Amino acid sequence: MTQAAATIRQLAGRAQEIARSSGEDAPALLAGIAREVRLNVLTTIGEAGMGHVGGDLSVTDILTTLFFDVLKLDPARPDWADRDRFILSKGHCAVALYSVLALRGFIEPELLPTFGKPLSVLNGHPNRRKVPGVEANTGPLGHGLPIAVGCAIAARLSGRDWRTFVVLGDGELQEGSNWEAAMAAGHRGLGSLTAIVDRNRFQQGAGTEATNRLEPLADKWRAFGWDVHEVDGHDHAALLEVLRPAPGERPRFVIAHTFKGKGVSFMQDLVDWHHKVPSADQLQQALAEVGR
Amino acid sequence: MSAPVIAEGMFDCRKAFAEELIALARQDQRIVAVANDSVGSSNLGAFQKEFPDRLINVGIAEQNMVGVAAGLANGGFVPFVCCASPFLTGRALEQIKADCAYNGYHVVLCGMSPGMAYGELGPTHHSIEDLAWMRAINDLTVMVPADPAQTRGAIRWALHAKGPVFLRIGRFGVPAVTPEDASFEAGRIYELRPGRDVTLIATGTMVSRALEAAGQLAAEGIDARVLNASTIKPLDTAMVLKAAQETRGIVTAEEAVVEGGLGAAVAEFTAQHHPVRMRILGVTGFAPTGDTAFLLDHFGLNAAGLAKAARQILSH
Ligand SMILES: Cc1ncc(C[n+]2csc(CCOP(=O)(O)OP(=O)(O)O)c2C)c(N)n1
């Protein structure tokens, strides 16, 4: 194990322990881990020359909160039957997921530099057959929520108490399959299901509101029978507050307000950085800004 | 993702596609482009700039995109639906069949970046089933231009077609295999090189590789005929029959699964009309991680693979 990998492993182990045991320290610890995730995201994309950096950086705090506090998981047993189910529906943000999985102990941190390289297990989109901790293969948008609805129905049918979480892109919500799934989950009152939308207001080519308007988003989901929450998607304390509570009667829809390219001044809130790759100089600047 | 190498003498067919579409749109007010948040990846930036009202970006909603195109065709427009091929053909398969083909609407479905063009983005993004899916739909013309000149020709033909057309527009760098002024007709397979021993029938990116293979075989004294199948459906059965009669066997090559595409079309025809030895080269199984060039080599979709298949046919 390289020194850097050993350090992140150690940090991750400690954070995990403390985050679950002490409510008070959790947000600060999660912020520390999220910083490591962002550094890994930038380094990995810089090295590979590919990736979806904007959406990786917007979803980082959400993934960190889930994997280091909320989700009931065991990295030693990725297929543990009673684990909470998590699906990253916006699968193009695989690098953020891989970085979190590496820190959480599902995969070797040494794998990150192989991202996208011939025969690597780390493809541009997550693959359940190759990467422990990946619950479902994603990439084509609009698949995660229907699968998550199925997972939630499965829990109910089998009388198990695991929960299901899914992270969606806001542009992704334009796919009709989400609305079919939203209707099914609302109809069935799938309280163990939580959908979190990474509301960074941008899709690939432009803003969501300029392309195919989503607002009023909260009202739409309420109308479908969901319990809707809005949070600052970069505020770990706020995320914990909505994601920790036990299931209620209705599925939960969390609108997490975020910034695409969060943490890097020249990327933040700019559509150009959907999948642009930073130059060597830009990478150094980005690492310096995030590391601060 | 590392862009496929566009070196000296290599072309990205999306460029010819966008230029020709704009040139035609200047003369023909019926042309509209329909997209799914993919204005950049479909290379429609310049079209949008010149004809902002005639670019309909429905957002990330491919089924709606194709349905909307059918409605536009009903209203007298000629929609060119531009979308990454895996999501156009896969996500909107039923809309292509029911809304476009069954209604007989003149919609031009442009599957961008097909085959392994999205190399490292992985199997969800590899458009390898599209030829099989599209070929199974009645009344749909399926074309795969091999280079920029053919791309321009295919668009011009599609504009005046009577029914729905599927155009597979490559992103991986290809050399020119036809002269700029060569005519283009749908339904034809073009002979690029005569030959008596064995026939190589290739489509899209595989055409230049088949020519390369024929060069290698010639050095061994094997005379290989090379055919460019720029239309998969309807199949140019006269050309296939001639190949079956005049050479000792046929090798097909396509950047797609071996089930249901060009090879299958040729085999279905020859099996019933003039059985010959065949080797069908294509993609087998979900791909490992890697860029386009790596994956094509991985599946033997290169000159060496074609030449080897030709030798196997002749060694019997
Ligand atoms: C079905 C489908 N259509 C198109 C794409 C191409 N695509 C990849 S990412 C993306 C934009 C996604 O936007 P959003 O969901 O808002 O994600 P984020 O901004 O968080 O990265 C598009 C259109 C795709 N992956 N799947």
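**View 1. Helices α3 and α9 of chain A meet in this predicted model.** The axes of α3 (residues 53–70) and α9 (residues 236–243) of chain A come within 10 Å and cross at roughly 55 degrees. Axes here are lines fitted to C-alpha atoms, for helices over the stretch in contact, with angles from 0 to 180 degrees between N-to-C directions. Helices are DSSP runs of H or I with at least four residues, and strands are runs of E with at least two, numbered from the N terminus. α3(A) and α9(A) are therefore oblique to each other (under 35 degrees is roughly parallel, over 145 roughly antiparallel, 65 to 115 roughly perpendicular, the rest oblique).

**View 2. Here are the residues joining α3(A) and α9(A).** On α3(A), look for Asp61(A), Ile62(A), Thr65(A), Leu66(A), Asp69(A) and Val70(A); on α9(A), for His236(A), Leu239(A), Leu240(A) and Leu243(A). Contact means heavy atoms within 4.5 Å.

**View 3. Chain B holds an open sheet of 7 strands.** Follow the order β2-β1-β3-β4-β6-β5-β10, with mixed pairing; strands pair if DSSP finds at least two bridges between them. β2 (55–57) and β10 (231–233) of chain B stand at the edges with a single partner strand each, so one side of each has no neighbour in the sheet. From one strand to the next, the twist averages 20 degrees.

**View 4. Strands β3 and β4 of chain B run in the parallel sense.** β3 (residues 78–84) and β4 (residues 108–112) of chain B pair over 5 bridges. Ala84(B) stands opposite Met112(B) in β4(B).

**Notes.** Residues are numbered from 1 along each chain as its sequence is written, and chains are lettered from A and ligands numbered from 1 in the order written. In this predicted model, local features need pLDDT of at least 70 and side-chain atom pairs count only at pLDDT 80 or more, while totals for chains, interfaces and linings use all residues; side-chain values use heavy atoms, leaving out hydrogens and water.
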